[in-house]
Amino acid sequence: MDPLEQHIAKTRRDFLATSASGLGTLALTSLLQQEGLLAADSTTTDPLAPKAPHFAPKAKNCIFIFMAGAPSQLDLFDPKPKLKELHGKPLPESLTKSVRFAFIKKESAVLIGSKRKFTPHGECGMELSDVLPNIGTCADDIALIRSMRSTQFNHHPGQLLMTSGVPRFGFPSVGSWLNYGLGTASRDLPGYVVLTSGRGASGGATNWTSGFLPSTYQGVLFRNKGEPVLNLNNPAGVSTQMQKTGLEALTSLNQSRYERIHDPEIASRIASYELAYRMQTAAPELIDLSGETQATLDAYGVGRTEEGMKMGRGGGKGTFNSFSTNCLLARRLIERGVRFTNIIHASWDHHSSLDTEIEFNAKMADQPVAALIKDLKERGLLDETLVVWGCEFGRTPLGENRGGSRDSNTGRDHHPFAFSMFMAGGGIKGGQVIGRTDDVGWNIEEDPVEVNDLHATLLHLFGINHLKLTVRFGGRDVRLTDVAGNVVQKLLA
């Protein structure tokens, strides 16, 4: 081979070697970004591209089970033998004179004890109600907070506080903040998905809004049967090629405009169009449960009916199956990289008929929630998936006497001063109870946890310093935890 041919051959080898390395580096970079191990390129127009956390996270995904309407902690999580002893007696006026109630008439209000039986569960001995036998089997994985406190006593402001950190409209929800701060590993599904059942939360879509953040961070409402997302499929007469051509034209126009003015909402629009195109395949596959084993479907209770149950505010026919399906879908969403899944059920607003209503709701939720925790654990996903059972506030130890009569005490009013929630997985230390309330469950006596504290802890588990995750809005740096919030160290593993 003459010198010229040798030079050409060497140049060709060098080109192939360096090209392969470059392509490999690009592929590796993309994979690392999708795993959240490398910050996204600052020039990308994809607002959901994975971003690096502030420090090493324990959790990668969150399933937030929101029981809208406020379950009675006194009948589910916080046993009060003394309350039973004082059944039918009034509270001292000193405790109630400056308290605002939603409906209770102070003059004739009396205490009502719970008819539920509480028993210890797990090695930790956590006491839970007899209507939560399946969740009881997960006690050693659960951190139960009996000392939650809210500043709001009406549903919509309370739900806004729990979901967005402030009791006002227009602020981003928790899932939006997480996707804004970290992006998502899912390429074919939204980073924030909402699944609902029951009659619907009073806060509606304000519970999953992106507020003043770009709209791509807003929760996307999925249905668990039929068309997963309304208007996702192509209209009649629009072929795949027509759609693709139109999408390419829109992307080109939007990209040109974005490069001129750098409006983040344009980047959101580009990402949303492209995501919707990919979701046309991914979303139907998500809700297709034919690949799940019968044992898994049975464990979650998919296909359950409400036979023999008296239906009420918690929903009508099909609620049991809908909620069970949503819990299974939540696991499938986590497996597909979705950052934040919100399961919402309403209503737990039991101002009357407490005993029969809470039996219906608890039976609906107990089996699938426990199955979700166990399924995640068996698949090795619980360590990196934070599961939260939450609500906007609790219920009073006083009976609901809306008409002013002592004979009408069959329910409980809104109670923001002390209520219960639980968390599992994702860096949480299970098998423990945080906080303590007084003998009748009126006030907190130990380890109060504010809603902003809960949010600070949640962000911490995802490797985010809640003081540093901010957006400039209205002339100040706004954050999920507003102007408060402390990480609850006792919750951390």
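The legends below describe close-up views of a predicted model.

Residues are numbered from 1 along each chain as its sequence is written, and side-chain values use heavy atoms, with hydrogens and water left out. Because the model is predicted, local features need pLDDT of at least 70 and side-chain atom pairs count only at pLDDT 80 or more, while totals for chains, interfaces and linings use all residues.

View 1. Helices (H or I, at least four residues) and strands (E, at least two) are DSSP runs, numbered from the N terminus. Of the 493 residues, 53% count as buried. Buried means under 20% relative accessible area, exposed means over 50%, and partly exposed lies in between, with a 1.4 Å probe and protein chains only. Among the contacts with a separation of 6 or more, 78% are between residues 24 or more positions apart. A contact means heavy atoms within 4.5 Å.

**View 2. Helix H11 packs on helix H12.** H11 covers residues 319–335 and H12 covers residues 354–378; their axes come within 9 Å and cross at roughly 20 degrees. This makes H11 roughly parallel to H12. Axes are lines fitted to C-alpha atoms, for helices over the stretch in contact, and angles run from 0 to 180 degrees between N-to-C directions. Angles under 35 degrees count as roughly parallel, over 145 as roughly antiparallel, 65 to 115 as roughly perpendicular and the rest as oblique. The crossing of H11 and H12 is right-handed, a term used if the near helix is turned clockwise from the far one by less than a right angle; anticlockwise is left-handed. On the H11 side, the contact is made by Thr-319, Phe-320, Phe-323, Ser-324, Cys-327 and Arg-331. On the H12 side, the residues include Phe-360, Met-364, Pro-368, Leu-372 and Leu-376. The residues of this contact divide into 10 nonpolar, 2 polar and 3 charged. Ala, Val, Leu, Ile, Met, Phe, Trp, Tyr, Cys and Pro count as nonpolar, Asp, Glu, Lys and Arg as charged, and the others, Gly among them, as polar.

**View 3. Ser-324 sits in helix H11.** Ser-324 is buried, with a relative accessible area of 0%. Its side chain makes a polar contact with the side chain of Arg-304 at 3.1 Å. A polar contact is a pair of N or O atoms within 3.5 Å; within protein, one must be able to donate a hydrogen and the other to accept it, and residues adjacent in sequence count only if both atoms are side-chain atoms. Leaving out residues up to four places away in sequence, Ser-324 touches Tyr-300, Gly-301, Val-302, Arg-304 and Pro-368.

**View 4. Helix H9 also packs on H11.** The axes of H9 (residues 264–287) and H11 are 9 Å apart, at an angle of about 135 degrees. The two helices are therefore oblique to each other, and their crossing is right-handed. Glu-285, Leu-286 and Ile-287 of H9 meet Leu-329, Arg-332 and Leu-333 of H11. This contact holds 4 nonpolar, no polar and 2 charged residues.

**View 5. Ala-68 lies in strand S1, residues 61–68.** At 1% relative accessibility, Ala-68 counts as buried. Ala-68 and Cys-391 are 323 residues apart in sequence, yet 5.6 Å apart in space, C-alpha to C-alpha. Not counting residues up to four places away in sequence, Ala-68 touches Gln-159, Ala-201, His-345, Ala-346, Ser-347, Trp-348 and Glu-392.

**View 6. A cis peptide bond joins Ala-346 and Ser-347.** Its omega is about 15 degrees. Ser-347 lies in the loop between strand S7 (340–346) and H12. Ser-353 is placed in the loop between S7 and H12 as well, and its phi is near 50 degrees, a positive value in a residue other than glycine. Most residues other than glycine have a negative phi, and most peptide bonds are trans. At 34% relative accessibility, Ser-353 counts as partly exposed.

**View 7. Ser-186 is in the loop between helix H7 (174–182) and strand S5 (192–198).** With 5% relative accessibility, Ser-186 counts as buried. Its side chain reaches the backbone oxygen of Arg-336 at 3.5 Å. Apart from neighbours within four places in sequence, Ser-186 is in contact with Arg-336, Gly-337 and Val-338.

**View 8. Helix H13, residues 451–461, is mostly covered.** Of its 11 residues, 10 are buried, including Val-451, Leu-454, His-455 and Leu-461. Just after H13, Gly-463 takes a positive phi of about 80 degrees.
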